[in-house]
Amino acid sequence: MEIDRDRFLADLHRLRMFGASGVGKGVVRPAFSQADVDARAWLGRRFADAGLRVEMDAMGNLFGLAKGPSILLGSHSDTQPEGGWLDGALGVVAGLEVARAAQEGDGPAVSVVSFQDEEGRFGGLTGSSVWCGYTPLADVDSATDHAGVTLRDARRALAGQVTGDVDPAGFTGFIELHIEQGLTLDASDQQIGVVTEIVGTREIPITFTGQQNHAGTTQMHLRRDAFQGVSAFNTALNDRLRNVVTPTTVWTIGHIALHPNASSIVPGKASFSMQWRDGDPLRLRRIEEIVRDTAREVALALGLSVDFGPMWELEPTGMDARLRAALEDGAETVAPGRWQRMPSGALHDATNVARLMPVAMLFVPSIGGISHAFEEDTAEEDLVAGAQVLAKAVMRLQSQLTSPRKI
C-alpha cells in the first residue's frame with residue numbers, strides 16, 4: 001500500500017486553484033462561497049473516481065464513503081477570508097490519496113470527509129459540530145456572519161449537492177492530518193508531529209459602554225471613553241495572568257468594533273472578543289474568573305458599564321492511544337529521529353469528532369510557523385511524508401479497528 005506522490009501533489013495543487021488569490025499560494029475560499037461550492041463539487045468527483053460513494057449532508061459536510069465499516073480520514077476545505085492553500089485542504093487530499101492507495105493495495109476500508117465551515121464563518125468548527133450532534137442545525141441556522149448573512153441563506157448555495165445524512169456509527173475512528181500552524185516543527189527541523197491533545201478554548205464577547213461625546217471639547221479627565229476601557233483591560237489582564245498561566249497558555253483580544261468609530265468622537269461603545277486556550281480545564285476556569293473580574297474592575301474605575309455575551313467553549317481533547325501509537329510507528333518508519341509528540345494549540349474538527357469515536361492527529365511543519373495567511377506553505381517532501389505516515393498508520397490499524405463504535 002503506497003501513495004502516489006505525483007497524484008497526491010497534483011490534486012493538492014488543483015484544489016488550490018479554487019479561490020486562488022493571485023498572491024503566492026494564497027487562497028480565498030470561505031465556507032459557502034462560490035469557490036467553496038465549486039471546490040466541493042470537484043472533490044465529490046474525485047471521491048467518485050476513487051470508487052467512493054459521495055454523500056453531502058444538509059450542513060455541507062462532504063463524504064467519500066467506502067463499503068462497510070471504515071476508518072475516516074480528512075479535515076476541511078474552506079479557508080479563512082485570507083488563507084493559505086494547506087490549512088485543512090492537506091488533510092482532505094491526503095485522506096483521498098490514502099483511500100485510493102488502500103483500494104489499489106488491498107488495504108483496509110478508508111472513507112474521507114471534508115467538513116464544512118471549520119474556519120468559523122458562522123461560529124467555530126460548525127460543520128463537524130452539527131454532524132456530531134453537539135449543535136443542532138436548527139439552532140445554528142439563524143447564526144449570521146459579519147456581513148449579516150444567515151447560515152440558512154448561505155446553505156442554499158450547496159442545495160444542489162446535498163444527498164442526505166451520514167451515520168457516524170459506520171466509522172471505526174478518525175485521523176486528521178494537518179499543517180502545524182506554528183513554529184515548533186520548523187524551528188527544530190522535525191518532519192512530523194504526533195498530537196497528544198488539542199487544547200481547550202474559551203471565548204467571551206465583551207462590551208464596554210461609556211459616553212459618546214465631542215473629541216475636541218471633552219476634557220480627558222471627564223471622558224468615559226469605551227476604548228480606553230479595552231486598553232486598560234488588556235494591560236491589567238496581562239499582569240494578572242502572569243502567575244496563573246504556563247508557557248503554552250495563550251489569550252487574544254480580537255474583533256474590536258468601536259461605535260461610532262469616527263475620528264472626532266469619543267467612542268461610546270467598544271465590543272471585542274476575548275479568547276484563551278489551555279490544556280487544563282481548571283486553568284481555563286481560573287482564567288475565566290480573572291477575565292470577568294478584571295473587566296468589571298476596569299469598568300468601575302473608568303465610569304463604564306460592561307456586558308458579557310454567552311461564552312463559547314470547547315474542552316481539551318486527548319488523542320486515542322491506539323490511533324496515536326499507529327501514527328508514532330508510522331512516523332518512526334517514514335521520518336526516523338525526525339518526529340516528536342506535541343499538543344495542538346489550534347482547534348480542529350477532531351475535537352468534535354472525539355465525542356463519537358477514537359481520534360488522532362498528526363502535523364507536518366509550517367514554514368516559518370505561518371498560517372492563516374497567503375504566505376502559508378510547507379515543503380513538498382514534508383507534505384508527502386505526512387501522507388506516508390497516514391498510510392502506514394492506517395495499515396497498522398487494519399487488524400485493530402474492525403468494527404464501528406456503538407453510539
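This is a predicted model: local features need pLDDT of at least 70, side-chain atom pairs count only at pLDDT 80 or more; totals for chains, interfaces and linings use all residues.
1. Strand S16 covers residues 359-364, and six of its six residues are buried, so the strand is largely enclosed by the rest of the structure. In a regular strand, side chains alternate between the two faces of the sheet. In S16, Val359, Met361 and Phe363 point one way, while Ala360, Leu362 and Val364 point the other way; all are buried.

2. Which strands pair with S16? Strand S5 (residues 171-179) runs parallel to S16 and is joined to it by six bridges. Within this pairing, His178 has Phe363 of S16 as its bridge partner. Strand S6 (residues 192-198) pairs with S16 in the antiparallel sense, over two bridges. Here Val194 has Leu362 of S16 as its bridge partner.

3. In soluble globular proteins, nonpolar side chains tend to be buried together. The largest nonpolar core of this model has 68 residues, of which Phe8, Leu12, Ile175, Ile192 and Leu383 touch the most other members. Apart from that core lies another, of 25 residues, including Leu125, Phe174, Val195 and Phe363.

4. The surroundings of Phe8 may be examined individually. Leaving aside residues up to four places away in sequence, Phe8 touches Leu90, Val93, Ala94, Glu97, Leu383, Val384 and Ala387.

How values were computed:
Residues are numbered from 1 along each chain as its sequence is written. Side-chain values use heavy atoms; hydrogens and water are left out. Buried means under 20% relative accessible area, exposed over 50%, partly exposed in between (1.4 Å probe, protein chains only). Helices (H or I, at least four residues) and strands (E, at least two) are DSSP runs, numbered from the N terminus. Two strands pair if DSSP finds at least two bridges between them. A nonpolar core is a set of buried Ala, Val, Leu, Ile, Met, Phe, Trp, Tyr and Cys residues joined through side-chain atoms within 4.5 Å. Contact means heavy atoms within 4.5 Å.
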